[in-house]
Amino acid sequence: MIEVRFFATLRDGRGKITQVPAEEASTAGDLLRRFEIPPEEVAILLINGFHSKPENPVKDGDVISLFPPVGGG
Amino acid sequence: MSDAYYEKIARINLTTGEIKVEPLDLETAKKFIGGRGLGTKILYDEGVATVDPLSPENKLVYITGPMTGSNSPSSGRYMVVTKSPLTGMIACANSGGIWGAKLKFAGWDALIVEGQAPDWCYLNIEDDKIEILDAREYLGVLSEELDDKLKEKHGAECSVLNIGPAGEKQVLLAAVMNDKDRAAGRSGTGAVMGSKKLKAIVVKATRKQLDVIADVDALKEANKRALKILSDNGVTGQGLRALGTAVLVNIINGIGALPTKNWQESYCPTADQFSGETLAEKYLKKPGACYHCPIACGRVINHGDKVVGGPEYEPLWAYGSDCGNDDLYTIDECNRLCNEYGLDAIGVPCTIAAAMELYQRGYIKEEECAGVPLEWGSKEALVEWTKRMGDPETELDWLMSSGSARLCEHYGHPEYSMSVKKQEIPAYDARAIQGIGINYATANCGAAHVRGYMISPEVLGLPQQLDRTVTTDKAAWAKTFQDLTAVIDSMGNCLFTSFALGAQEYADLLNAATGTSWTVEQLLEIGDRIYNIERMFNKAAGMKPEDDRLPKRLLTEPITNGPSKGMLSQLPLTLPEYYAARGWVNAFPTDETLKKLGLDECVGK
C-alpha cells in the first residue's frame, strides 16, 4: 500500500490519511489525479519526507505528503 | 520634512528625568534606513557595546523604520535595540501590533531610554508631549491586565507597551510586550526595561497616518503593485490567513526536522495533535492582523472562557514535541502565560526542554523541583515552570529563567543547551536543513530563524526550491537572505511580506517613501552594512570567533529517527564559505570590507 497524507486545505473533503493499493499508482502524479488535486495546488510534495515532483515514481510502502502553498516563521 | 522620517528622536534619561528632543541625522538614517540598522548604529557610536547590559549605562532604543505607519503592506513594525543581557551582544527584537505605528504618528522616529529611574515609572507620550509617571501601583501586574488599566487611565485610543513580572525581575528571557499579545520577544529586552525600572510606554497620537511621504503618488503605485503580488500569492494571500505560521508543524515534521525531546529526536509521530490544522479545527476564533497587514497570520483563539492570542509555530513546537508534549490546550495555556508574564515563548519552553533532559539523565534531582518534577510531556510541569520562570523564587527557578545555556553550564553539561550565543535555537533541525544552520551560527543576535529564513528556499520552495540536504551555494544564499532581512527589518515592514515580494518591490516602496533612488544592489549593500555594524558591535562587546558555532549535538550526533535519520549539520564546510562571501576573516570583517561598506568608523577596531 501507499499512504497518502493530506494537509492544510487539501484535507477538505479528503480526510487526513488514506491508503492506496501500490499497483494503482506508479507516480505521485497518479495519486494527484486519483484525488482530483490539480498539480498547481500542491506547493510541497514529499515522498518519504523528501521534496519530489508529480513525475517521480512511487512504490509499495511509500508515504506521500501533500501541502498547498503555506509559509510561516 | 518629506522623507518618511519625522527627523526627531526623544532621549529620555530616567536617572535625571531629563527629556531631550534631538534631530535625526538624515544622512545617517538613510545610510542605515532606520529601525534595526539605525538603532544599532546609534548604540555602536554611543559606546554601548562595552557596558553591563543591566546597568544604567545600557540604553534602550525603541525605533521605527521609514515605512512604519505608512500605507505599505504590513508596516506596523518597531524594534527594541539594546545590548542583550542574555547574549552579551546586540539585541534587536522586532514586534508588530500597532504601537510602533502610533509612536511614528506621534511624530517620533525613535526613543532612546537611558539611565535608571529612582523608582518604578512609565512613559506617557501624547504627540510631542512626553512625561515620566509613577508606576509603583502597577508592580507585579500581568501584561494584559496592565494594558487594560493604562487604557482606562489614558484612553482607549492609546497603545500600550509594557513588561510583565518577568521583566520586573530582570529575568534574562523577559520580553517586551505590546498591544497585549505582540512581543519583542527575544534576547531579554524586557530585562533591560526592568533594570531601568521602566514598566510601560503608553502612546497616543492625533495623527492617523504618515504625512511626510516623499512621493505620495509613487508610493501609492508601489503599494498597489505590492498588495497585488501579496494577494495573488498562495502563501501571503490565503495560506497564512487560514492556518497561521502553525501550519509548519506538519511540514517540518513531515521532512523529519521537528526537534523532539530537546533535539534527541527529530520526528514526532503525534505532531498533528498540536498542528495548525488542529488549532484551526478546535480553537481558532478568527485570524488576527497587525497594523495595515493584508496577510493576517495572527491567531485569535477560544481558550476556556477567554479569547486570547494563540500560539505561533515556534511555541507550538517548543511546548509541544520539544518538551515531549502533544496536548494543544496546554500549549495554548503556556503561550498565554508567556504573554502575561512577558516571556520569550521560544527561549522559555526550550529551556524547560533542556531541563527535562537534565532531569531524564539524573542531573536535576526530583527534590530540586519543588513538587513539580521535570518529566517529559508533563502538562503540570509545563504550566508551573512557565509561571516560575516568569516570577522566579527558588534557585532552580532563577537558573531556568536565565536560559538553557546558563542552566546546563551550572549542571556541568553545556552540551544539552540547544543554543547559539546563549540564545535558544528555533524550531528547525539544522542537521536536516543545511542552510538554516549557517544562519543560526552567524546571526548576530544569537540563534534566530528570522535573520535569514533559509526555510523559505530549502523547505517552502520560495523563491525557488533548494535541496535541503546539500551544502552547495547555501552560504551565498544565507548571506543574501540575511542582508535582505536587515533591509526589511530596518524599513519597518514585516518579514512575512518577503514570502511574496522581492528586493525590487522593497526598493520601490522605500524609494517612493524616502526620496532615495536605491537599486536592488545598493539596497542589499545597505543590508550588508547593517549586518557588519552589528557584527562590529559584537566584536566590541567581546564576541569570539568560537561564538559562531552550533551545539555539539548537531555536529556529532546524527538524527535518530524519521525521514532525516542519520543526518548531521555540515557547518564546518559551509562556515568558511560564508565568511569568504562576507569578506570576513575569523568571524569578523576585514578593514577592506568595512571600508567598502562605508563603515570607516569601525576600521581598525
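**Reading chain B**

Mentor: Ten of the eleven residues of helix H2 (residues 35-45) of chain B are buried, so the helix is largely enclosed by the rest of the structure. A residue is buried if 20 or more other C-beta atoms, placed from the backbone, lie within 10 Å of its own; helices are DSSP runs (H or I, at least four residues) and strands likewise (E, at least two), numbered from the N terminus. This is a predicted model, in which local features need pLDDT of at least 70, side-chain atom pairs count only at pLDDT 80 or more, and totals for chains, interfaces and linings use all residues. Residues are numbered from 1 along each chain as its sequence is written, and chains are lettered from A and ligands numbered from 1 in the order in which they are written.

Trainee: Which residues of H2(B) are buried?

Mentor: They are Gly35(B), Arg36(B), Gly37(B), Leu38(B), Gly39(B), Thr40(B), Lys41(B), Ile42(B), Leu43(B) and Tyr44(B). Just after H2(B), Gly47(B) has a positive phi of about 75°.

Trainee: What is the strand order in the open sheet of six strands in chain B?

Mentor: Strands pair if DSSP finds at least two bridges between them. Here the order is S8-S7-S12-S9-S10-S11 (chain B), with mixed pairing. Strands S8 (129-134) and S11 (182-184) of chain B stand at the edges with a single partner strand each, so one side of each lacks a neighbour in the sheet.

Trainee: How many bridges join S7 to S12 of chain B?

Mentor: Six bridges join S7 (residues 121-126) to S12 (residues 198-204) of chain B, and these strands run parallel. Leu123(B) stands opposite Ile201(B) in S12(B).

Conventions:
Buried ≥ 20, exposed ≤ 12 C-beta atoms within 10 Å, placed from the backbone.
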